[in-house]
Amino acid sequence: EARGSVAGGGAPAAGPAIRVSGEAGSLQRIRRGDLPVDAVVEVGGMRAELSGRIADPFGSPRAALDLAAHGDVTSLLDLFGALMESAPDVRVEGRLVGWLPRWRLETLRARIGDVVMEGTAGLELGGTKPMVRADLTIPKLPWPGAGETPSEPAGANADGPLIPDVPIPLGALTRFDAAVTVRVDSVTGMVWPISDGVLEATVRDGVLRIDPLRVGVADGAIRATATADARPEVATVRARVDLDAIGLDELMTALDVSKRVSGRINGTLELRMAGATLQAWSENLDGSVDLSMREGQFTTRMIDALALHIREALGFIVSRGRVRPVDCFVGRLRIEDGTVSPDAVAFVTDDMVVRAQGQVDLAAERIHLDLVPRPKRRHLLDITVPVTVRGPLADPGIEVGVSVVTELARSGVCRRLLEDDR
């Protein structure tokens, strides 16, 4: 039996306690080049049981050990500088083969909280820093909190920022290298219609590269690439996200908003940010957003209110509005120092064009957007009603420029309509 402590990476000088105990075979078997192993290793809150044998222990040793480990990995993550207050319980089973400096965990089956994954993993210790390799599949990813009523975290401040000052431990990227592939076959318990996904990531010399990240969403896909560089004093992140034929009807149906909305959203997001927290990222965010919609139709009281024809007024009041084909939707947003401004945002139906102007200040967490409608063809009975979205991002107010009833009375539309019908 041996006891001690482990230190390294971002861990304090006195790292997590380690305890190793076990039994080996007789000296006679060891001389024959066969070393049976039955051992227990405890590091911090993790406990691992190993059983199997080491072949040729005094020549070219090679281990083949059955591994079963479980416990809290918080102290192990601290060794790599990923400081966390708590982490979910972990259970790992597999076949550990190899010898220093290379180990490989085959037939891996792990459970992290409610997530089960399978595949292979490896650890190389011969270089200047550890090298982690993994090829994992998650057959079914349960979304956290599925089936539960959302509750406010303990100590949460209702008047606090919407974008939290949560640290992003990018500094840990300088303490290891990695090559990881993760596939998700299905997602359960998610409101959004997400079907599957795949992520390939590498870490080399403090630079994380994700290429690609693909997520199946609403019969379409989100594809992304990203680079995070932890070498500068202030870490930087660059990302590109492509939206490929995301189905609006599937999205709206999943959110129980409307089943009479359809279309395919395409677009590209180019983002640049720097800092060590989510709040810092939002405050200095730069980039652009380009969106468009095709094959669309839309129905909503808001759209009908923006360009209301009097002959549809009664239908608007007593129904949910008719389905309108959407000629196109185009959105081009500019992002500078955390402020999002629409360069060109237009929503076009068969009888109107709605444009957006204003800005969203992510640092101040405030929004001021004006939706300004313009009819394509001027008719005697056309009414246009601007809409303003203004206030804090957490609880913005929506103001209609003039009420429908007021505008009907002011413009004398009802009187003229009655005169026309005589």
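A: Before we start: helices (H or I, at least four residues) and strands (E, at least two) are taken as DSSP runs and numbered from the N terminus. Keep in mind too that this is a predicted model.

Q: Okay, then where does L285 sit among those elements?
A: L285 falls in the loop between α4 (278-283) and β18 (286-298).

Q: Is L285 buried or exposed?
A: Buried means under 20% relative accessible area. L285 has 12%, so it counts as buried.

Q: Which residues does L285 touch once close sequence neighbours are set aside?
A: Leaving out residues up to four places away in sequence, L285 touches L271, R272, M273, I335, E336, D337, G338 and L362. Have a look at A363 as well: its C-alpha atom is 9.4 Å from that of L285, although the two residues are 78 apart along the chain.

Q: D337 is in that list. What should I notice about its backbone?
A: Start with the general idea: most residues other than glycine have a negative phi. In D337, phi is positive, near 50°. This residue lies in the loop between β20 (324-336) and β21 (339-349), and it is exposed because its relative accessible area is 55%.

Q: Which other residue has a positive phi although it is not a glycine?
A: E365, with a phi of about 55°. E365 is in the loop between β22 (352-361) and β23.

Q: How many aromatic pairs are counted?
A: One aromatic pair is counted. It is formed by W99 and W103, with 5.8 Å centre to centre and 50° between the planes, and it is tilted.

Q: Why is that pair described with those two values?
A: A pair of aromatic rings is described by the distance of the centres and the angle of the planes. As for solvent, W99 is partly exposed, because its relative accessible area is 31%.

Q: Moving on to charges, how many salt bridges are there?
A: The count comes to 18 salt bridges. Take R53 and D34: their closest N and O atoms are 3.0 Å apart. This pair links distant parts of the chain, with R53 in strand β4 (residues 45-55) and D34 in strand β3 (residues 34-43), 19 residues apart. R53 is partly exposed because its relative accessibility is 40%.

Q: What other salt bridges could I look at, say one with E42?
A: E42 meets R47 in a salt bridge of 2.7 Å, N to O. With 24% relative accessibility, E42 counts as partly exposed, and so does R47, at 29%. Another salt bridge brings together the side chains of R334 and E336, at 3.7 Å, N to O. R334 is partly exposed at 32%, and E336 is partly exposed at 48%. Shared partners also join R19, E42, R47 and E49 into one network of salt bridges.

Q: Which charged residue is buried yet has no salt bridge?
A: Look at D370, in strand β23 (residues 366-375). For a salt bridge, the nitrogen and carboxyl oxygen must be within 4 Å. For buried D370, the nearest side chain of opposite charge is R390, and that is 4.9 Å away.

Q: What does the side chain of D370 make a polar contact with?
A: The side chain of T388, at 2.8 Å. Setting aside residues up to four places away in sequence, D370 touches R355, A356, Q357, V387 and T388.

Q: Last one: in the largest nonpolar core, which residues touch the most other members?
A: That core has 42 residues, and L170, L173, L208, I246 and L251 touch the most other members. Beyond its neighbours within four places in sequence, L170 is in contact with A228, A230, A235, V237, G275 and W281. There is also a second, separate core of 27 residues, which includes I30, A63, L65 and A87.

Technical notes: Residues are numbered from 1 along each chain as its sequence is written. This is a predicted model: local features need pLDDT of at least 70, side-chain atom pairs count only at pLDDT 80 or more; totals for chains, interfaces and linings use all residues. Side-chain values use heavy atoms; hydrogens and water are left out. Buried means under 20% relative accessible area, exposed over 50%, partly exposed in between (1.4 Å probe, protein chains only). Lys and Arg count as positive and Asp and Glu as negative; His and the chain ends are not counted. A polar contact is a pair of N or O atoms within 3.5 Å; within protein, one must be able to donate a hydrogen and the other to accept it, and residues adjacent in sequence count only if both atoms are side-chain atoms. Contact means heavy atoms within 4.5 Å. Rings of Phe, Tyr and Trp (its six-membered ring) pair if their centres lie within 6.5 Å; planes under 30 degrees apart count as stacked, over 60 as edge-to-face and the rest as tilted. A nonpolar core is a set of buried Ala, Val, Leu, Ile, Met, Phe, Trp, Tyr and Cys residues joined through side-chain atoms within 4.5 Å.
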